[in-house]
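Here is a short note for a colleague who is meeting this structure for the first time. The points below can be read alongside the sequence and the coordinates.

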Amino acid sequence: LDYYECEVRMRHKNGHWVWVLAHGRVYSRTADGKPEWMAGTHLDITARKHADEELLRSHAMMQTIIDNLPCGLSVFDADLKLVAHNRTFRSLLGLPDHLFDTPGTTFESIIRYNAEHGEYGNADVDTVVNQIVGRARTPSHHRFERQRPNGVALEVSGAPLPDGGFVSTYIDVTERKRAQTQLEALNLALQERTAQAEQASIAKSRFVANMSHEIRTPMNAILGMLRLLHNTSLTPRQLDYADKTEVAARSLLGLLNDILDFSKIEAGKLELDPRHFSLETLLRELSVILSANVRDKNIEVLYDIDPAIPNELFGDDLRLQQVLINLGGNAIKFTERGEVVLSIRKIGVVNDAVLLRFAVTDTGIGIAPEHQEHIFSGFSQAEASTTRRFGGTGLGLAICQRLVAAMGGDLVVRSEVGQGSTFSFEIALPVMASASQMPMIQTATEALRVLIVDDNPVARESLLVGVQALGWRAEAVASGEEALASVQARRAGSNAYQVVLVDYLMNDMNGWQTCVRLREVAGPSLSIVMLTAHGREVLNGRTETEQALLDGFLVKPVTPCMLRDVVEHARSPKATTMQLASIKTPPPKRLQGMRVLVADDNANNRQIARELLSNEGAIVSIVSDGKQAVEKVEAADAAFDVVLMDVQMPVMDGFTATQRIRQRVNLATLPIIAMTANALASDREACLAAGMNDHVGKPFDLDILVATLRRHTGRETAPDTDIAVHPSDEPGAPMTSTNVNVAGALKRLGGNQGAYARMLRSSLTDVRASAEQLARHLSAGDYESASQLMHTLRGVAATLGANVLAERAARAEQLLAAPLAPDQTAALLDEWRVLVKEQAAEIEQAARELEVAMPDHTAPVHDDATPHQVLDELTTLLREADMAALEAYERVRSHPAIARVDLRPLGAAIAVLDFESAIAHCERLARALDEE
Ligand code: ADP
C-alpha cells in the first residue's frame, strides 16, 4: 500500500504561505515510479508549526540563560532524569563530558560517578548511591554546603518541581568560606588577646594594689618614727631635716594612697564601707584639711549647707570625705583669687534616704571643653603644663569619679576657662530612722542677736544662712565702718547685738582694727568672734592685749555648729576673756629691729633668709648680687646693722663687694658676714682676708646664724651656752684645743643637767681605762676587740658631746678594721694615751662646771628602795624609751647593794642610748641579784 504523510509549505491562493499536513494514498504510479493518482487530505498546520518554532526558540533561550548563570544548575524530572543543566554544573562538580554524551543521564549515574571518585569519602558506593537517590525521590526545598575533596566548597540549594523532580543550583563559596574562616580565626585570636590583656591588666592592678599596700606599711613606720624623733631633743638643723623628711614622706604616702586607690578600683577590689556618720563632724574635719591647703592664698573657702539636711546619715563617710578633700583641694590649687564654695543641698527624699547634691565651685582658671572629658581618666591632666605649674598625678579626679560612681552618683564638671569650675554629684544617703527628725543644724539654746561683718558677699550670705538656721537673729554688713555704725546705733536698746562675727581680712579696715573699735564702742558684753581664711598663724605676732580682744576664733570654712559652739563657749560664764589656750605665745624675737641686708643670687636662699630672719624680728632687705649690695649700703637712707653676703654671685662676687664697701670710710666697720656653702678653713681665711667679719655655713642653722648676727651687732658678747660649737675641722690640728659641746649634749639629754654631769663623771673611768684596754687588745693581736672598744667609746663620747674624742675614736675604729704594722700600732697607742689624758681632763672640767652651776646638786646617798625596785624602775623607763632612764641608771649605780656588781656594760649601753641592750643587761643583772 502506498500511503504518504508529509508537512509541506504551500503558497495560499491569497499569496501567503501556509504549512500543510498532507496525508493520503497513492493509487497509481507512472512507469518510472512517480505518483500518478493520489487521494488524501490537506490539513492547515501553520498554527501548530508556529507553536513548535516558538517552543524551540524558548528552549534555546532557556539554555542560553542557564548556560550563563553565575552558578551551576541541574534539573531532574520525576524519573530523576537530567533534563537540563549547564557547563558550570559539570565543572563545579567535576563531572566529565562523557557522562552526558548519551541522552538520558540520570541522577543516579551522576551520584554513582561521584561516589566512585571519592566525593563522599570511603563509604561503600552502592550504599551511598541508594541513600542519596532514595532521598531525591521525595525532593524538598534544600540548602546545604558541600566540601569537595579538591577543596572547593559548594553551596547547594534547590526546590522541588510541580510535576515531580527538582531543580538545584551550585555556588562556589570557596573564597567566601576561606575569608570567613580567616575572620573567625582572627576573631578568636582577638578574643584570646583581649582576655589575656584583661587578665594581665587585672593582675597588674592587683600587683600595684598589693605593692602599694606593702610599701605603705613601712611608710607608716617611717612616719611614726619621724613623730617619735620629733619627741626627742634635736638640734635645730636635725629638726629641720626631720621636718623635711616628714613632708617628703607624707607626699609620698599621699601618692601611694592615690595609686593604691586607683589600682584597687581598677582591679575591682575597692569596696565601700558604709556606717553611721555625722555630716557635721565630716565637715568639721574637712574644714581643717581645706583651710590648711589655703596657706597664704587670697581666697576664701566657704560652706553653703542646706539647713534641712539631717545630720545622722549612713554611708562611707571616709570615702565621701576623700572625694570632697580632692575636689576642694583641686579647687584651691587652681584658684588664685575669689572663693571656693562647697555647697550641699537636699534635693529630694527616696524611701528612707535623702538625695543630696554636693557641689564644689571655684573661681579659678577653669578647664577648656576639650579637656573636660579626659580629666576623669587616670593619669591625665587638663594640660601638660599643669604638672609643671601645679604638680599632681592626675589620679585624683579619676578616683573621685569612681568613688562617686560606687556611691551611686555621677561626678560631672561644668567649667569655663577663666571663670572657674563646678564639680558636682548627687548621691542618696539613708537617714537613720530615729534621727531623721533631727536636722544637721540644731537650733542654738539661746536666740542671739548677731552681726556678721565680711566684705565677701558669698561668705556673708552663707554665714547669714547658717546663723539664721541656728535660730539667731542676724544681719550682715560688708565693712568695719558699717559694723561700727550698726553696733553703735543699737548700743543702748534691748536690740543690742550680742555677738559680732568679724572677718579677718577686709579691704577698708582690717579685722583687728574693727575688733579694737568694736570693743571700744560696745564694751565687754559684746562677744567678738574672729573668722579667718588663713589659719591660726594670724594670731602669732599679735600682742596679748590684741588677742584678748577676741572671745573666739575660727578658721574658715565653718559649719553653723562650729559657730554655735564657739559663740556659746565665748558666752558661757566660765569662759575667760581669751579662750585661745592652744595658741602658744610666740618665742622671744632675738633679732628684733635689726636691719639686715641679704645678698644672695639664689631665690630659695633669699626666701629662707628673709623668712627666718623676719620671724626673729629683723627688718630684712634683699638683693641678688654684689653690685646691688654695694649700691644698697651706699644709699644714704639705708643704714644697715649687718650684711649677710653670699660669696659666689653673678655681676659682682662677695669678696669684691666687701672690698668696695670697706673702701668707704663710713662703712669700714659695717659688719659683713659671709655665707659660704663650704666651711673649709681656706674659705674662711679668704673671707676674712677680703674684709669680712665672720662666716656662716649654708644651709642655715638658724640658731648659729642668729648667734653670729647678735655677736657682730653687739647684742651678745659670747655665743650661747656652747663652750664651742665646732670642733677643729682641720686634720692634724693640735688635740689640746678640744672642748666638750655641753649645750648640744644637754639638748639631746632633754636638758637634764644632773644626769649629764653624772654621765660625764661615770664615763671618765671608761675613758681613762681605755688606754690600757687598747694596749692589752693590741698586744694580744685582738683587733676586733680593739675596734669594738673604740666603737663603744665613740658612742659614749658622741653622746657626751666630747666631739674630738668621738672623732678620734671613730678614726681609730676605722684604722683597726685591718691589722696594723707594729710601728703603726705603737703610734696609735701613744697617740691614744696622750689623747685620753687631755680628754679626761676636759670632761672632768665640764662635769665640775655643770655641778657647780646646778641649783641643788645633792648626790643621793641613801636609797630606801630595794635593788630590784631600782632595777625595775630603770627597765620600765628603758622600755618606754624615756630619757628619765638616765637618772634611774644613776640611782641604780649609786645603790649600795648594786655597787659591787660590774655595771660597765649597762652603763656603756645607756651612754650610747642603746636601750635595747641596756634592757638585756638589766635583766641579766636582776637574775644575778637573785642568784646571790
Ligand atoms: P592632679 O590634680 O593630681 O593633677 P586630678 O585628677 O585631681 O589630678 O585633676 C586632673 C586635672 O584636672 C588637673 O591636673 C587639672 O588640669 C584639672 N583640674 C581639676 N580640678 C580643677 C579645677 N578646680 N580647676 C581647674 N582645673 C582643674
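Which residues have the most contacts inside the largest nonpolar core?

1. The model is a predicted one, and the points that follow should be read with that in mind. The largest nonpolar core has 65 residues, and those with the most contacts inside it are Y756, L774, L816, W832, L874, L878 and L906. Helix α23, which covers residues 753-779, supplies the largest share of this core, namely eleven residues.

2. Leaving aside residues up to four places away in sequence, L816 touches L774, L778, Y783, A786, S787, M790 and L828. Another core, of 47 residues, lies apart from the largest one, and it includes F262, L279, V301 and L397.

3. The largest cavity holds about 150 Å³ of space, and its lining is made up of 17 residues, of which Y303, S462, L463, V558 and P560 lie nearest its centre. The elements that give two or more residues to this lining are β10 (298-305), α12 (457-469) and α16 (560-571). By class, the lining of the largest cavity divides into twelve nonpolar, three polar and two charged residues.

4. The second largest cavity holds about 40 Å³ of space, and it is lined by L286, L290, V301, L302, L324, G328, V340, L342 and V360. Two or more residues of this lining come from each of α7 (279-294), β10, α8 (317-333) and β12 (337-350). The lining of the second largest cavity has eight nonpolar residues, one polar residue and no charged residues.

5. A last point concerns C6, which is found in strand β1, residues 3-11. Is C6 buried or partly exposed? C6 counts as partly exposed because its relative accessibility is 34%. Not counting residues up to four places away in sequence, C6 touches V20, L21 and A22. The C-alpha atoms of C6 and H42 are separated by 9.7 Å, although these two residues are 36 residues apart along the chain.

Terms used:
Residues numbered from 1 in each chain as written. Predicted model: local features only at pLDDT ≥ 70, side-chain atom pairs only at ≥ 80, totals over all residues. Heavy atoms only, no water. 1 Å grid on protein atoms, 1.4 Å probe; cavity = no way out; pocket = protein on both sides within 12 Å on 5 of 7 lines; lining within 4 Å. Points joined across faces, edges and corners; volume = space filled by probe spheres on them. Helix = DSSP H or I, 4+ residues; strand = E, 2+ residues; numbered from the N terminus. Nonpolar A, V, L, I, M, F, W, Y, C, P; charged D, E, K, R; others polar. Core = buried A, V, L, I, M, F, W, Y, C linked by side-chain atoms within 4.5 Å. Buried < 20%, exposed > 50% of the residue type's maximum accessible area, 1.4 Å probe, protein only. Contact = heavy atoms within 4.5 Å.
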